[in-house]
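This report goes through selected local features of one protein model. Keep the sequence and the 3D view open while reading.

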Amino acid sequence: MRMGRPTKRRRDAKQQTQTQTAKPKFASPTLVVGQISPDVVSSILGPALTDLAVQSVEDYADAVLNYEHANQFAAAGKGEEEVVEVEMDLDGNIQQQQVEDAPMPPSSQRLFSSQLDIENLTELLTSTSQHFSTSTNSWKVHANAAKFERLLDEKYGRFRPFIESHPNVEIFIKNVQRKYAMGAFSPFRKSGPPVGKTTSIMLLFMMHRNGVRMDALLLAATFFLVGLQPWALVGLVIIGKWEMDRRKRKRIGGMSKKIATVEAYYASALGDDDNLSEEEEIKAKYALLDTPVGTKFNPADLSLRDEEYDVIVLGSGPDTLYVGALLARAGKKLVVLSPSDDVSGCVTMGDKNSSVLGKNIPFDVHGMNVTQLSRQQELLAPALCTSTDTQGGIRFSRIGSNLDGYAHSILSVPGLGTDNTSAECIPVVLNATGSLASLAEYCSTCLGDGFPGVDLDGKDNGNSNSLSYLKACNQINAGSADYYLSKLYNAKESNSYQEASIRTASTFLNKCLPLNTHVRSLMAAIGMMNENLCPDKTSMAAHVTNICAMTSEEGLSYPVGGPRAICHALTSVIEQCGGRVVAGVSLQELLFEKLDEKKETKKAEGEGSDPLKGPKPKCKGIRLQNGMEIKVSKDGGSVISMLGFIPTFLNLLPAETRTAHGVPPGLPAISERRPLMKIMLGLKGSKADLNLTGADWYRLPNASLPYDEMDQATGQIRFGTIGVDAGGDDQTTEGEVTEETETTSMGRRGKQSKTATPAIGKKITRRCKFQTGESWMKVSFPSAKDPSWHDRYGSISTCVVTVEACDDFVRAFDTKPQIYSILKGAGNSTSGEMARLMDRVMKDLVQTFPQLEDNIICSQIYGPARSGLTHCPARFAIKGNRPETSYPGLFVGGADLTVGDSFSASIVGGWMA
């Protein structure tokens with residue numbers, strides 16, 4: 001140490017001193033600096049409570065002394081006079097009151113009032129301090145035990161006894177809670193998405209291009225982009241499936257919780273007699289089938305006018321009654337109004353012919369051939385099922401027999417299988433045996449197509465173009481169900497079927513079958529048998545649907561008992577559920593509510609200047625020809641027309657309503673099919689006697705053999721036109737009028753004058769005439785398809801010949817839409833045109849079926865009959881071809897929504913409505 005200089009202090013010396021001498025801000029009186037006493041009771045609580053007790057005792061002593069002094073003062077002043085205060089009221093009365101100044105004793109209800117209380121408190125604090133400051137700390141054990149019991153009660157409640165008896169459950173729960181807290185059960189991956197964003201987007205784009213469904217695409221996006229756990233994806237799929245099933249089970253509108261149980265349609269015919277023999281039951285059923293379907297309309301019956309219905313169904317046939325049966329079983333009060341005398345669509349001959357043939361013999365003029373029976377039975381079951389039978393007693397029989405391979409159709413295509421240009425051909429028989437393979441083998445054997453080979457693994461290794469074409473049609477038709485379901489809602493997605501519906505069949509035929517004209521002609525014939533329409537005017541959707549139906553392994557079926565059996569069953573369901581079926585009703589026009597002028601003006605301004613886009617009036621019922629009005633209920637009532645688009649919007653829609661509010665979008669672009677004539681023939685002899693077939697016979701000039709030509713300049717093949725122009729419309733061409741300018745329904749195959757020279761200003765109208773051996777014709781034997789026919793009518797058979805109505809009976813109008821007008825008196829069977837048509841048809845029929853000669857006992861023409869829309873691409877392309885129309889409360893159903901002129905299509909169209 002140096003002299004004269006103080007010792008340096010270290011920087012942390014002062015800090016160390018302050019740290020050693022520092023005292024907490026709130027410290028107990030017994031606290032030693034640097035030490036913390038664990039005895040909180042003796043160090044903190046004890047002194048504080050003792051001071052409070054002493055202060056309380058002192059206060060009590062002061063109060064007692066004051067009370068004693070007050071008593072002494074009161075005793076000293078007792079000898080003096082009492083002080084009396086006098087009060088006088090308003091009436092002068094004197095009220096005397098005595099003032100009492102007696103002292104009040106202090107309250108003895110104190111916590112601490114004597115030294116004994118202080119000593120007891122001190123002993124209590126001492127014992128408490130000793131209890132909590134013992135070395136064993138036994139009190140903590142009891143406290144923890146009490147806390148554990150309380151936590152068990154709060155955590156498990158009523159399940160505590162079960163947890164105590166099964167401790168492993170508690171351990172499992174704790175493990176689950178710990179893993180949940182660590183994020184083990186998070187729906188998202190900890191490490192993020194499994195692949196990068198770029199790769200994920202590429203994968204999703206490839207899946208979209210390959211036609212993956214949107215719901216699967218969304219699940220893939222959540223997995224690749226969001227990083228969702230696999231178990232979370234499975235959970236989403238289960239939830240989505242459960243939600244879809246729940247929506248399917250959801251009741252529609254006022255549908256009751258339980259569907260009404262009905263009895264079989266023949267139960268009323270059998271009565272309550274349980275002792276009937278089997279023969280008597282069969283006779284009773286057959287007697288029911290002899291009666292027309294529906295109740296004959298009585299103009300004097302005002303119950304139709306006085307009641308309000310939930311639904312009014314207009315039309316006839318199985319599709320109309322099918323709609324009515326479904327709605328009736330759903331709890332709707334409805335009425336079916338049919339313009340036909342027989343709601344089943346069957347026609348009986350007049351009294352003159354009935355006396356020869358037999359009374360009430362039905363003719364199936366519409367054709368009840370059922371394709372793909374298994375699907376149709378699934379659709380029919382909800383409407384027909386009874387307490388004992390899912391099909392309501394209706395049975396179907398396959399057309400044909402095992403010997404002919406269940407043949408159902410015979411096609412006669414001009415030029416098919418021959419090398420000449422005449423109308424001769426080799427008929428093609430379509431059957432259900434072998435389906436696609438048998439047809440491909442026929443094309444290979446008879447038409448020069450490649451052979452459909454199959455290797456040991458069952459794979460196709462042949463070069464059959466026809467088999468490849470048929471398989472392609474089946475692939476396109478696989479999307480038909482989604483396409484028709486999309487008409488029920490505004491679906492923006494499209495599939496191959498929808499894309500094919502707006503294209504013509506000829507384009508597809510020429511691209512897929514460019515080398516063999518015979519195969520091309522055959523496929524065109526199968527694709528459009530029920531209408532005289534060339535492939536260059538036929539929609540590809542109708543083409544592939546018909547091909548898949550005609551080449552199905554199920555073949556075609558026919559209801560046992562004919563159309564009346566299934567229609568009687570559906571009518572019985574409607575009537576048992578409280579509905580009505582009325583036949584022979586003459587419809588005049590639809591009824592509509594008047595729009596509120598203020599609302600109409602306001603909405604029209606919002607829609608723009610086009611009044612057709614404004615609000616539409618609600619359909620409220622139908623007016624009959626006799627002036628009777630049948631209305632639906634105001635709350636949710638609707639009218640369903642199964643008559644088709646043309647009769648509904650051009651015949652039943654009032655002219656002023658159509659002018660003011662228009663028709664469904666796209667309707668002016670479509671065309672009506674040429675009406676048909678049905679020639680009904682009664683035959684003497686059974687199916688076996690006349691060697692009749694259940695297969696329908698078709699002559700199809702619309703699929704006649706094309707003639708390809710080689711372009712000498714380019715060396716490419718110029719495809720010929722399949723089929724010929726039907727000449728059905730009133731087409732006009734420039735030229736000179738000659739004797740042979742009137743062509744037949746064969747169109748370009750008709751004769752033309754070689755000396756005809758062009759002449760400006762002169763027009764030639766090409767008329768449609770039925771020509772023997774050339775025109776489109778269909779021949780069917782309904783009695784040969786029904787197994788119960790012989791037991792019901794014996795040696796009597798029926799034949800229905802269908803041809804197109806000539807220009808002598810109908811007239812085409814080049815309007816929008818293109819329609820046909822039935823000429824006045826066209827249905828008169830005594831007219832000369834009818835007689836000439838009958839002669840030509842009978843001559844053609846006997847040439848094709850010579851066994852019918854001398855066995856025709858009566859004949860009658862039914863028609864002209866409208867047959868819906870033509871199967872052009874515009875029919876499938878327009879937006880208005882859907883059940884829900886632009887008019888609220890008005891719906892359209894039937895075959896116009898699908899592929900027309902078939903039982904299956906009409907049932908699907910009825911289900912959609």
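## Basis of the report

The model is predicted, so local features need a pLDDT of at least 70 and side-chain atom pairs count only at pLDDT 80 or more, while totals for chains, interfaces and linings use all residues. Residues are numbered from 1 along each chain as its sequence is written, and side-chain values use heavy atoms, with hydrogens and water left out.

## Aromatic pairs

Rings of Phe, Tyr and Trp (its six-membered ring) pair if their centres lie within 6.5 Å; planes under 30 degrees apart are stacked, over 60 edge-to-face, and the rest tilted. By this rule there are eleven aromatic pairs. One of them joins tyrosine 469 and phenylalanine 508, which form a tilted pair with 5.4 Å from centre to centre and 40° between the planes. Helices (H or I, at least four residues) and strands (E, at least two) are DSSP runs, numbered from the N terminus. Tyrosine 469 belongs to helix α17 (residues 465-477) and phenylalanine 508 to helix α20 (residues 505-512), so this pair links distant parts of the chain, 39 residues apart. Buried means under 20% relative accessible area, exposed means over 50%, and partly exposed is in between (1.4 Å probe, protein chains only). Tyrosine 469 has a relative accessible area of 2% and is therefore buried.

A tilted pair is also formed by phenylalanine 592 and tyrosine 887, because their ring centres are 5.3 Å apart and their planes are at 50°. Phenylalanine 592 is in strand β12 (residues 587-592), and tyrosine 887 is in the loop between α31 (873-877) and β27 (890-892), so the pair ties together parts that are 295 residues apart in sequence. Phenylalanine 592 is buried at a relative accessible area of 13%, and tyrosine 887 is buried at 1%. Elsewhere, Tyr483, Tyr484 and Tyr497 make up one aromatic cluster.

## Charges over rings

A charge sits over a ring if NZ of Lys or CZ of Arg is within 6 Å of the ring centre and within 35 degrees of the ring normal. Lysine 333 is placed over the face of tyrosine 309, 5.6 Å from the ring centre. Arginine 673 has its charged end over the ring of tryptophan 776, at 5.9 Å from the centre.

## Cavities

On a 1 Å grid over the protein atoms alone, a cavity is a set of points where a 1.4 Å probe fits but cannot get out, and lining residues have an atom within 4 Å of a point. Grid points are joined across faces, edges and corners, and a volume is the space filled by probe spheres set on the points. The whole structure contains five cavities of 30 Å³ or more.

The largest cavity holds about 80 Å³ of space. Its lining residues include Cys346, Phe363, Asp364, Tyr558, Trp789 and Arg792. For the classes, Ala, Val, Leu, Ile, Met, Phe, Trp, Tyr, Cys and Pro count as nonpolar, Asp, Glu, Lys and Arg as charged, and the others, Gly among them, as polar. The lining of the largest cavity has seven nonpolar, two polar and three charged residues.

Which residues of helix α15 (residues 373-384) are buried? They are Leu373, Gln376, Leu380, Ala383 and Leu384. These residues lie on the same side of α15 because they cover an arc of only 75° around the axis; the arc is that of the directions from the helix axis to the C-beta atoms. Arg375 and Glu378 are exposed on the other side of α15.

## Backbone features

A cis peptide bond, with omega about 0°, joins lysine 816 and proline 817. Proline 817 is in the loop between β24 (810-813) and β25 (819-822). Glycine 863 and proline 864 are also joined by a cis peptide bond, with omega about 0°, and proline 864 is part of strand β26 (residues 856-865).

Glutamine 372 is not a glycine, yet its phi is positive, about 50°. This residue is in the loop between β6 (370-371) and α15, and glutamine 372 is buried at 17% relative accessibility. Aspartate 854, also not a glycine, has a positive phi of about 70°. Aspartate 854 is in the loop between α30 (832-848) and β26 and is exposed at 74% relative accessibility.

Glutamine 625 is in the loop between β13 (619-624) and β14 (629-631), and is exposed with a relative accessible area of 51%. From C-alpha to C-alpha, glutamine 625 and serine 586 are 5.6 Å apart in space and 39 residues apart in sequence.

Alanine 865 is in strand β26 and is buried with a relative accessible area of 13%. Alanine 865 and lysine 678 are 187 residues apart in sequence, and 8.1 Å apart in space from C-alpha to C-alpha.

Notes:
1 Å grid on protein atoms, 1.4 Å probe; cavity = no way out; pocket = protein on both sides within 12 Å on 5 of 7 lines; lining within 4 Å.
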